[in-house]
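Here is a short briefing for a first look. Keep the sequence and the 3D view open while you read.

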Amino acid sequence: MVAPLSFQTIRQLISDVEIPSRLGHYPAELVQAVYRYGAPVGSTILHLPQADRLMPLARQRINEDETRGHSCPSGMAFLADELTGSRGRFQRSWYAPPGGLWLTLVMANTLLPESMRLYPLAAGMACCEAIRSYGIDARVKWVNDVHVSGRKICGVLCESFTSSTFAEEYVLIGVGLNVNNLPFPAELGATAVSMKEILGCDTELTSFAARLLAKFSWSFGLLCHDEAQRLAADDGSGAQLPDSLLLAGWRELSDSVGRKVWFGFDVQRQPQYQAEVLGLAPDGGIVLRHLESGGEIVEHSGELLYID
């Protein structure tokens, strides 16, 4: 069960732990700027003992706030101890019992479309970093599945949403993360894993939730910082634009490049073709080499299934 968590707790964690850690890799001015961009994450936190699903609750809250004459706070987090009707992409069921971390984040979108489409990568990066901070060798599989030795430990679902009254655009980020939940149903036993199974002990859920939101503050802050840097450097020619720090961070956490994969929009039910992953495109697409034709393809939606 997640005990009450406050915005102040997250900010304190960022100040005491996250910023000193980032300073080992980035200049102080950049670190401060990124965390200013990411500051709204966790601004309001709603904790529920049980819910059917959190995405519909987030959409409902956005519209209710606007009915009252104000906008939903950006960075609002919905946490539940248990979900009874959760599902992932393509309506796949997601097992969400007590012991896991079930979260939906609401971010008011202020980004251009080319930056907004990178939210899923930023979300996967934050989840992977949070798990790795507990000594677990987690990796990101494009776009944002997080796995440990091929077994899924975290799933992320991102949706855009336009509010009904003010027509404001939001990004909703749903996260299901296996922390202390064990055992899994028989049909998931070979493909899912939890932190408890790996570590051999429980992880304190409130502390983990704070750590995860602090990681989101960094990755979403990086997304905004990257856009600001590119806009400032863009002279209209598109030349000499700075490299994306977000995508560089994602590449360091991913094990997708070099893998043989099945690609498909719903790869479990309808795999389309086999390919080798060549890299990550600057716009977040995955660069593939078709194994049969040898042609190079950049895909911007869909998913991968490792076959090697």
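This is a predicted model: local features need pLDDT of at least 70, side-chain atom pairs count only at pLDDT 80 or more; totals for chains, interfaces and linings use all residues.

Start with helix α3, which covers residues 55-67. Move on to cysteine 72, in the loop between α3 and β2. Then turn to the second largest pocket, with about 410 Å³ of space. End with two cis peptide bonds, at valine 143 and at proline 183, and with positive phi values at serine 149 and alanine 167.

**Helix α3**

- Helix α3 has 13 residues. From first C-alpha to last, α3 reaches 19 Å, close to the expected 18 Å.
- Which residues of α3 are buried? They are Met55, Ala58, Ile62, Asp65 and Glu66.
- Look down the axis of α3: the buried residues fall within an arc of 100°, so they line one face of the helix.
- Strands are part of what covers these buried residues: the cover includes β2 (76-80), β3 (101-108), β6 (151-162) and β7 (169-177).
- Glycine 69 follows α3. The phi of glycine 69 is positive, near 100°.

**Cysteine 72**

- Cysteine 72 sits in the loop that runs between α3 and β2.
- Is cysteine 72 buried or exposed? Its relative accessibility is 4%, so cysteine 72 counts as buried, the cut-off being under 20%.
- Setting aside neighbours within four places in sequence, cysteine 72 is in contact with Arg61, Ile62, Asp65, Val106 and Tyr170.
- Two of these partners, Ile62 and Asp65, are also among the buried residues of α3.
- Threonine 44 is 28 residues from cysteine 72 in sequence. In space, the C-alpha atoms of cysteine 72 and threonine 44 are 9.6 Å apart.

**The second largest pocket**

- The space in this pocket comes to about 410 Å³.
- How many residues line the second largest pocket? There are 19. Nearest its centre lie Glu114, Leu118, Arg230, Ser244 and Pro282.
- Three helices each supply at least two lining residues: α4 (113-116), α7 (205-233) and α8 (245-253).
- The largest share of the lining comes from α7, with 5 residues.
- By type, the lining divides into 9 charged, 8 nonpolar and 2 polar residues.

**Cis peptide bonds**

- The peptide bond from tryptophan 142 to valine 143 is cis. Its omega is near 10°.
- Valine 143 has its place in the loop between β4 (139-141) and β5 (145-148).
- The peptide bond from leucine 182 to proline 183 is cis as well, with omega near -5°.
- Where is proline 183? Look in the loop between β7 and α6 (195-199).

**Positive phi outside glycine**

- Serine 149 is not a glycine, yet its phi is positive, at about 50°.
- The loop between β5 and β6 holds serine 149. Serine 149 is exposed, with a relative accessible area of 74%.
- Alanine 167 is not a glycine either, and its phi is positive, at about 55°.
- Find alanine 167 in the loop between β6 and β7. At 54% relative accessibility, alanine 167 is over the 50% cut-off and so counts as exposed.

Definitions and conventions
Residues are numbered from 1 along each chain as its sequence is written. Side-chain values use heavy atoms; hydrogens and water are left out. Helices (H or I, at least four residues) and strands (E, at least two) are DSSP runs, numbered from the N terminus. The expected span of a helix is 1.5 Å times one less than its number of residues. Buried means under 20% relative accessible area, exposed over 50%, partly exposed in between (1.4 Å probe, protein chains only). The arc is that of the directions from the helix axis to the C-beta atoms. Contact means heavy atoms within 4.5 Å. On a 1 Å grid over the protein atoms alone, a cavity is a set of points where a 1.4 Å probe fits but cannot get out, and a pocket is an open set with protein on both sides within 12 Å along at least five of seven lines; lining residues have an atom within 4 Å of a point. Grid points are joined across faces, edges and corners, and a volume is the space filled by probe spheres set on the points. Ala, Val, Leu, Ile, Met, Phe, Trp, Tyr, Cys and Pro count as nonpolar, Asp, Glu, Lys and Arg as charged, and the others, Gly among them, as polar.
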